Amino acid sequence: MFDILKKTLKTGTVTVNYPKKPDIAPAGFRGRPEILSDKCTYCGECASVCPPGVIWLEEGMSEKTLTLSYCGCIFCGRCEEVCPEGSIRLTQDYELASKTKDALLTSTSRKL
Amino acid sequence: MNEHTDAVRKDFKSEILDENISGSETYFRVKEDAAVRICDQLYHRMDCALVSIFATDRRKKEGCFRIHYLFSSENQLQNDRVQTANGFIIIQIDIAENAPHFHSVTSRVPAANWYEREIQDMFGLIPVGHPDPRRLVNFEDWPPKSYPLRKDFDIRTKPERVKGEYTYRRVEGEGVYEILVGPVHAGVIEPGHFRFSVAGEPVLNLEIRHFYTHKGVEKLFENITLDKAVFLAERISGDNSVAHVVAFCQAVEKIAGVDIPPRARYVRTILMELERLYNHLGDIAGIATDVAYAFGAAHANLLKEEILQLNEIVTGSRLLRGMNTIGGVRRDIGDKKDIISQKLSAFRNDFRELMDLLFASPSVADRIETTGRIYNDIAKGLHVVGPAARASGIDRDTRRDHPYAAYPDLKFKVPVLKAGDVNARTRVRADEVYESIGIIEQALSRLPDGDIKISVKEIHDGYALGYTEAPRGETLYWVMIENNRIERCKVRDPSFCNWLAIEYAVLDNIVPDFPIINKSLSLSYSGNDM
């Protein structure tokens, strides 16, 4: 019993004050991917390698749109790996909870 | 040299149709009616473990189905003499489409039980003489004559549901009650049905039923590209991600005939041992929880969390995902050497302190000693693997017996205990934690310079076996590639072997000890159901 008390006191408090105090993920964390609109050339390479298929390219009459859904994203970073322009990358953001699926979509588009 | 393959060649000369050696795998295609005798001999006389049975649909190319019996052939002591052997022996038989049946080996080799029933469900090949021919994977509402792994079964098929009934074994008698548990459980775990027959508190019989979450993973493999398949393998069993993905990548790399860079082999080894650490800590925490040793559970969970956070720093993922690829690893961890060493050395001290307290506690000992015993002959007969096997006196570990990645260069012990109870399984895990830390430290200090991956583009047609020792035990991938696509990917998760052992482990134990026994076996639903 004495040993248990000793270890408990030695350990002290280990919980952190999240979310009051933000908990920043370490560098290199595989978090929410973001599309950098100004660099994207709409080549569709990311869409073709995405394992769960949550990136898609739409080519309409007047514009091209690249959409990514965080719903099924597995944060593998294949999109970041294959993008020739470096226009898609994983970030340190992990707070993705949302009440609607639409809020979990991100897209970029360009007029033709 | 392999004495076991030599013996098969000599004893079954007239039964072997052809032979094909590829690396450590020796394939013997034999006459259909000889398979049972050969399996019997390999298992009973040569002590080779039956590690998997699976089928392939070769009707298009070769006009038949093929069944593969996969045996592990290892150095072993027999009659005071060490037999020299190292590798895998695969016995193959061809099955004609118009005669879709084969002789069951289950009554001779009990470990064949679920594999044969799985083949029956997925390929429609009937194991004649199987002692329990009920369905296993497909439930009773699955229509007859609908076999998902046949090539002419389209992946988009939505089968019509039919009516049917599943019969459980029954124990009858005065005062015998059935307790039905699941498939929906109280905690956030996966579904499985447990049917206890009890007389008072002691369990007379337990029958388990699984595959509620069968997802058709093997079919899915055949319908996606290789680069995407890597991420599927990684997600088959959530907490054994690295072991699965490495086994898959190793199989594909073998087919491609590439040696990955030494640095990648070492990085993979470090990742696999980090995975073992957090799994074993989670299991020890779970056992402590189930024996109401809350202090121990809290500290074990704290240590597990420390490893998960270390994983995140090292790989960007708490569960070590996204690191492996065909041809090596995707990120270097060289700049993380110091932090890993520092964290692990503190971790080792904390872990030792905790284990000293845990095993010195009389209330813990009272609950885990002699509880849930799996006797050596049962473990061997069912081909139990991993820590559960090593706690029942089975001295097997894929890392040592079929070395891969950097394990041939590193020194480690394989802890083996004999009692086969919850206590032994907990102690084996605790001992393995120290070995894992030792392996990581050696791998870090010897981490070779150089590339972390080589490019693998075109892969010629072929097949190979990939294997790892996951935290739960031996994990196998048999992959066949045709035209740069997966023709067949057979996944054998350790839990597929270990689940049946729980039916034996609980016998003569009281119902309240079931959760501890279950936890001590650390069984995966996801890896099993696939």
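This note goes through some local backbone features of a predicted model.

1. **Cis peptide in chain A.** The bond joining A:Y18 and A:P19 is cis. Its omega is about 5°.

2. **Cis peptide in chain B.** B:G182 and B:P183 are also linked by a cis peptide bond, with omega about 15°. B:P183 belongs to the loop that connects β8 (176-181) with β9 (193-199) of chain B. Most peptide bonds are trans.

3. **Positive phi at A:F75.** This residue is not a glycine, yet phi is positive, near 55°. Most residues other than glycine have a negative phi. A:F75 lies in the chain A loop between β3 (63-69) and α3 (78-82). Is A:F75 buried or partly exposed? Within 10 Å there are 17 other C-beta atoms. Burial takes 20 or more and exposure 12 or fewer, so A:F75 is partly exposed.

4. **Positive phi at B:L320.** Here phi is near 60°, again a positive value in a residue other than glycine. The residue is placed in the loop between α9 (294-315) and β11 (324-325) of chain B. B:L320 has 24 other C-beta atoms within 10 Å, so it counts as buried. The cut-off for that class is 20 or more.

5. **Hairpin in chain B.** Strands β1 (residues 16-22) and β2 (residues 25-30) of chain B run antiparallel and are joined by 6 bridges. Across the pair, B:I21 stands opposite B:T26 in β2(B). The two strands form a hairpin, with 2 residues between them. In the turn, B:G23 has a positive phi of about 60°.

6. **Surroundings of B:L204.** This residue is part of strand β10 (residues 203-209) of chain B. Which residues does B:L204 touch, leaving aside those up to four places away in sequence? The contacts are B:V171, B:V176, B:S197, B:V198 and B:A199. B:L204 has 16 C-beta neighbours inside 10 Å and therefore counts as partly exposed.

7. B:L354 is 150 residues from B:L204 along the chain. Their C-alpha atoms are separated by 36 Å.

8. **Points to check.** For the cis bonds, inspect A:Y18 with A:P19, then B:G182 with B:P183. A:F75 is partly exposed, whereas B:L320 is buried.

Conventions. Residues numbered from 1 in each chain as written. Chains lettered and ligands numbered in written order. Predicted model: local features only at pLDDT ≥ 70, side-chain atom pairs only at ≥ 80, totals over all residues. Helix = DSSP H or I, 4+ residues; strand = E, 2+ residues; numbered from the N terminus. Contact = placed C-beta atoms within 7 Å. Pairing = 2+ DSSP bridges.
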